[in-house]
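Let's take a walk through this protein, from its overall build down to what sits inside. Keep the viewer open as you read.

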Amino acid sequence: MNFERKHIISTKDFSRDEIDFVLDRAARLEPSARQGSRLLDGRIVATLFYEPSTRTRLSFDTAVKRLGGTTIGFDSATSSSTVKGETLADTIRIIESYVDAIVLRHPKEGAARMASEISRVPVINAGDGAGHHPTQTLLDLYTMRKECKKEIGDLNVAIVGDLKYGRTVHSLAYALSLYGTRLSFVSPEQLKMPASIINYLKRKGISIVETSSMQDVLDKADVLYMTRIQKERFPDPAEYQKVAGSYRITAETLSVVQDDMIVMHPLPRVDEIAPEVDATKHARYFQQSFYGVPVRMAVLSLVMGVDL
């Protein structure tokens, strides 16, 4: 399967076979996520982050370096020529001449796709506003494959929190539809999954439950995918205050779940998962974060046409 020079913009651009191919490569590269390799020796990757990021930026940086490559870039719009009025299009045209691939995070939905239409080197979307975050979805699927006893298609996945603005859950819902996974969406009325995504899933024949009560889904879930209410996405701070702290997982909450249910979270968390949950057998969010390294190693090596 050939990914060379392919842009990674949305999970909707992937077939199930392509996702499985990436996950298989991530499994082969996982030992190198600790030990390192020289697969990208001499290659340079630009990490252009117009929004704050810890895990995504650093795991991409780690992935490149574990593969023997190097990175250049910036970690905020204020440290780029954006402050001087340079457009994203011009930035991409300049940077593409320096590097072998570009990793882009931008606050505007559609920015990564626009960049891919300009760039002559592969563009990897590291999150575009409330749009898509494909490599987060790939690491989420990798986590489910590694940590769940059932196949992905046999899981019941409950996604909780900000489903309106959460690019992570939008990408995840599209990807899980390829496997026929049962989905439960738990959110306040104001933060429901967009109707366009619900309609897409229904056309695919996916079993969906929508509710505002986490108690409705806890005992049936194989995966509880928690998300934070994203204050920075709300145009009106007063609207954020109405829904802040809507859902919280504690050790007591987990008393009703299945024995092998796992809790995931794209992080950062605020108060939606109590620290006491970290020590339970259900917690997988820190392991999930680590899996971002081998998965991003797989994506980078594929788009740059490197054979294992």
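This is a predicted model: local features need pLDDT of at least 70, side-chain atom pairs count only at pLDDT 80 or more; totals for chains, interfaces and linings use all residues.

Residues are numbered from 1 along each chain as its sequence is written, and side-chain values use heavy atoms, with hydrogens and water left out.

The protein has ten helices and nine strands; these are DSSP runs numbered from the N terminus, with helices (H or I) of at least four residues and strands (E) of at least two. Its C-alpha trace spans about 55 × 45 × 40 Å along the principal axes. Of the 308 residues, 56% count as buried, meaning under 20% relative accessible area with a 1.4 Å probe, protein chains only.

Now look inside. A nonpolar core here is a set of buried Ala, Val, Leu, Ile, Met, Phe, Trp, Tyr and Cys residues joined through side-chain atoms within 4.5 Å. The largest one has 62 residues, and Leu141, Met144, Phe185 and Leu300 have the most contacts inside it. Helix H10 (residues 285-303) gives this core its largest share, ten residues. Apart from it lies another core of 21 residues, among them Tyr247 and Val277.

Leu300 is worth a click: setting aside neighbours within four places in sequence, its contacts (heavy atoms within 4.5 Å) include Leu40, Phe60 and Ile124.

Finally, find helix H7 (residues 167-177), where eleven of eleven residues are buried, including His170 and Tyr174.

Methods: Buried means under 20% relative accessible area, exposed over 50%, partly exposed in between (1.4 Å probe, protein chains only).
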